[in-house]
Amino acid sequence: MFPSPHRRPLGRLALGVLAATATIAALAGCGSAGNADDGTTEITLSMQNPDVESADPATWAIVEAFEEANPDISVTVSGEAVSEHLQKLSIAAQSDTLPDVFWVYKSTAEEMQQAGKLLDLAPVLDELELTDSFPESTVANFSAGDVIYGVPYQGLLTGLWVNEKILADNGLDVPVTFDDLVNVAETLSAKGITTISNGANQSSFSVWSFLVDLDRFGYEEKVDGILDGSEQYVNDDFLRLYEHIAELRDAGAFSSNVSTQTYQQAVDQFTSGNAAMLDAGVWASSAIQDSQIAADTGFWIGPQFDDGVGEQHIVMNVASAPFAVSATVAADEQKLEAVKKFLSFYYSDEAQQIIVDNGQPPVTTYEPVVDAQAQSALKAALDASTAEGVTSPQSQPDLLVPTPVANAMYDSIYGVIQNQLTPEQALELVQKALDAEQ
Amino acid sequence: MSAHLIDAAIEPASEFALAEPPAQPPRRRRGRSVALFAGAAAYLVTFLIVLPILWIVLLSFQPSGNILSNPFSFDQLTIDNYVRAGTALPLLQMYGNTILIALVSVTVGTAISFMAAFALTRMIFRRRGTQSSLRFYLLAGLAVPVYILLFPVYRLDLALGIFGTYAALILPYVAVSIPFNTLLLTGFLREFPGEIEEAAIIDGAGLWRLCTSVVLPLMRPVIATIVIFNIVYVFNEFPFASILINDPDMVTVSLAVSRFQGQYTVDYGGMMAAATLVLLPQLVIYAIFQRHVIAGMTVGAVKG
Amino acid sequence: MIWVSSRWKILLMVAPALIVFTAFVIYPVLYSLGFSFTKFQGFGAPEWIGLDNYVALAADPFFWQSLQNTIVILVVSLVVLIPASFALALLLRRRVTGGGAMRALVFGPAIIAPILVGLIWVFILDPKIGLLNRVLGFFGFAPVQWIGGDTLTPYSVALVFIWSSIGFAMTIFYAGLQLLPADVMEASALDGATGWQQLRHITVPMMRETFAIVTILMITNVFKIFELVYMLTGGGPVHRSETLVSYMYFVTFTNQQYGYGMALAVIITILGAVVSVGYLALARGRKQPA
């Protein structure tokens, strides 16, 4: 009744199940590979790019140079996109399986530090005599009391890249004041050209130039009060700034698809000559250098406001997200030594020049060699940041507040740009996030 | 092709018998035009559905810069993206890992789900209520978004000492497939008449033989469907893979595409090429397995 | 049939699935449920705050917006997807040249990882660079904000979801059609039923379970939509196009409000389950009088 042809495949299936179960057991048994005991020490470095070699050539080159100089240490570089990276770190921190050295946002590092997950780097920096190699604000930025929980990874030098040819073709100069900027937007918008290229899709953080503007409306003096509740984010000074953003929007400064465009698309829009300015930072210099508009590109620190608060001649030139070191490293003497050697190398002049060669500013006080021709974009940014009379805030505004508040700040700015929020609503959005943190 | 369309016109059941002889000529013509229309509609719908896929394949041959600024130009097609994907991705290793994980998890998942589904639909429980509550218990898993599981599963893998092994990924994959498998298997088992099995039982077949020799062959279309979906799931699963894989030697193909997304850079060309490379093997797998979906038809016909 | 009731045999059949499922799905859900009553940033010790997260959720306009979007997507998807995929299964069942290849191709979208599905459709729906508006522009129509505008995004997401799921639903219907007993079909044909009559009175009623399967899968899948929205708009502008899961992802991982995110996840799970069970109850109710 039941012919054998029907039976065989199922007999095979049954065997398959058995085999598969056995395989699971075997696979579970083989465990993670331990350190190869050939005298080399392994340290793990976890980054915010899945393909570090192509996306972050500076770090990759430093690691290669470091391994060459220290054949007894191997650095295992891994990485994933920012959101997965943070996810993974947060889960790993809770299970004490953090990588040895890793890139992390400052606010996350602070929380990790409070939870005792990070190595205090103050004694390490002292021992390596590195403390003085950094600008003062950098160390202050990553300190909690006497504890230093992070060291600078790369510089955060932000502003507006300007395609001077587009401006000149339309009879415009590089703006200085906010009114100049509105004028540029109106002129270009009439001709269908985007003035400021940016994109909110998956990159709501891409509002760097407006974060500098917050500092041009007294953010630095207000932030402590805002955080302890004695002052409000909803205040007349910030309101003026947000109204200016609305003015820019109404002048047609932004791309019509700013909501669906990603930051990468915004860069592309600029480098392909379809926008007059790009809201970004020095990390974009390589992409600009590789494009046809390299020769026409300048760097503008941003507008001066005649109704602003405090110093208007400022540029954002601070340390970006830091490297942190897992507290578990201290338990392994050899590993700790290797990490120290790595840090010492990273902040050596040799490594800092590697950073510069890859289109990033140095994070130490090292004076780099920049090729005016082959690195014209980087040079323009560095020159703008060191120009006579220009100062920098201590930190970028979003880095001083808890993560949900920072995200609300981005949303508030893009909300006005996308005409989703009135300036008042935008301020209240941030205030609500602040209140929730109390 | 036209000959086949005429075949198709003869095929529909409505052609076999006609209520009244006078109606015959118009009916036949109508049947033929319906079939022609249906055939044309099938081609059209298929074309529309496939269009966006052709689109990625096409984009994968565009220079990266063109994809955003000028995606409709066809004069600079290049294989650069594939070269980049080939160098940036350990493709063979990725496929190897994925196939291993898929084989084990799909085999185990399908087998244990089938056993449970058989018990829940065909075996007689002392209390009926237990049977249906168990079914609902398993089905409840369908409503669970994967992000709720990530952190606890990570901890569980650590606690079980399997973190860093393939089992760390296989076990959650098996678990997550159970609700889906159960839904399909119990649903179809309930829809499917039990007479053949009753005959087998009267013939004295034991549980094992009943399952493997009688029910399983009849369920082949469903099993094939489940296998296809589970394989696709493993090939595309991203959240678990990104959290539970630490060792660069263990990466799966589902991580391939994200390789091209950096903090401030996205390589759209590389992404498209990687996507195509992940997609094609799956289409082949589907083409192979869907024959079994159809094979079920013949089994049913023989029994009928 | 006494042997079937044997307790240990039942246990042997059910236990493996039950154990794996409980350990890797139910236990984690309960574990996360616990976190939903805490304030937890991802590090340090979670702080017990009772129902505060749920109360905050009720007052969170972005949550209600994401719920509303999810419901729009759900309704549009079900209304279009179920009949369309069933019709497609019937169509592809006919003997047409290249039918097998067509079935594979129609299934194609279901194979593509959702993140890529989103990416492909950005190039079609984007108001500025997208294919659709270029075509409209060619015919002299004004561009439409398919995504990223104020209202259309959920409908566009539904469209993309339908596209990516139609092959999936079709395959299940197709398998269901294969399981129909051939004798019943032939008998009805001999009885003189026309194609339409046969479909309405025999095929569809006999495939009740298949319809239930597809509907439940689609309901629960809609409640899990994340990557599509993430790629198309990133949830923007300002969370306007967020779905439940994309907003949960934002809260949990971007904002790092782990406890709050888990509260949202619990609500999503409950909603998905309630809608599915509600549908089942409805379907049963209709079945009874028939």
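A residue counts as buried here if 20 or more other C-beta atoms lie within 10 Å of its own. Helix H3 of chain A covers residues 57-69. Its 13 residues reach 18 Å from the first C-alpha to the last, close to the 18 Å expected at 1.5 Å a residue.

Starting from the S2 end, strand S1 (residues 41-47) of chain A runs parallel to S2(A), and seven bridges join the two. Within that pair, A:Glu42 sits opposite A:Ser74 of S2(A).

Further along the sheet, strand S12 of chain A (residues 322-325) pairs with strand S3 (residues 101-103) of chain A in the antiparallel sense, over three bridges. One of the residues involved is A:Val101, whose bridge partner in S12(A) is A:Val325. S12(A) also pairs with strand S6 (residues 151-152) of chain A, again in the antiparallel sense, this time over two bridges. There, A:Val151 stands opposite A:Phe323 of S12(A). Is S12(A) covered on one face or both? Both faces are covered: A:Pro322 and A:Ala324 are buried on one side, and A:Phe323 and A:Val325 are buried on the other. In a regular strand, side chains alternate between the two faces of the sheet.

Zooming out, chain A has 19 helices and twelve strands. Its C-alpha trace spans about 85 × 70 × 50 Å along the principal axes. Of the 438 residues in chain A, 52% are buried. As for contacts in chain A with a separation of 6 or more, 77% come from residues 24 or more positions apart.

Now for the other chains. Between chains B and C, 89 residues of chain B are in contact with 88 residues of chain C. Several helices of chain B give two or more residues to its side of this contact, including H1 (2-10), H2 (24-59), H5 (91-122) and H8 (167-191). The largest share, 14 residues, comes from H13(B). By class, the side of chain B that touches chain C has 69 nonpolar, 15 polar and five charged residues.

How far can the prediction be trusted, in the predictor's own terms? The complex gets an ipTM of 0.88 and a pTM of 0.87. Chain C averages a pLDDT of 86, with 94% of its residues scoring at least 70. Among the elements of chain C, helix H2 (residues 52-58) has the highest mean pLDDT, 95, while helix H8 (residues 182-190) has the lowest, 71.

Conventions. Residues numbered from 1 in each chain as written. Chains lettered and ligands numbered in written order. Predicted model: local features only at pLDDT ≥ 70, side-chain atom pairs only at ≥ 80, totals over all residues. pLDDT = per-residue confidence, 0-100. Helix = DSSP H or I, 4+ residues; strand = E, 2+ residues; numbered from the N terminus. Contact = placed C-beta atoms within 7 Å. Nonpolar A, V, L, I, M, F, W, Y, C, P; charged D, E, K, R; others polar. Buried ≥ 20, exposed ≤ 12 C-beta atoms within 10 Å, placed from the backbone. Pairing = 2+ DSSP bridges. Expected span 1.5 Å × (residues − 1).
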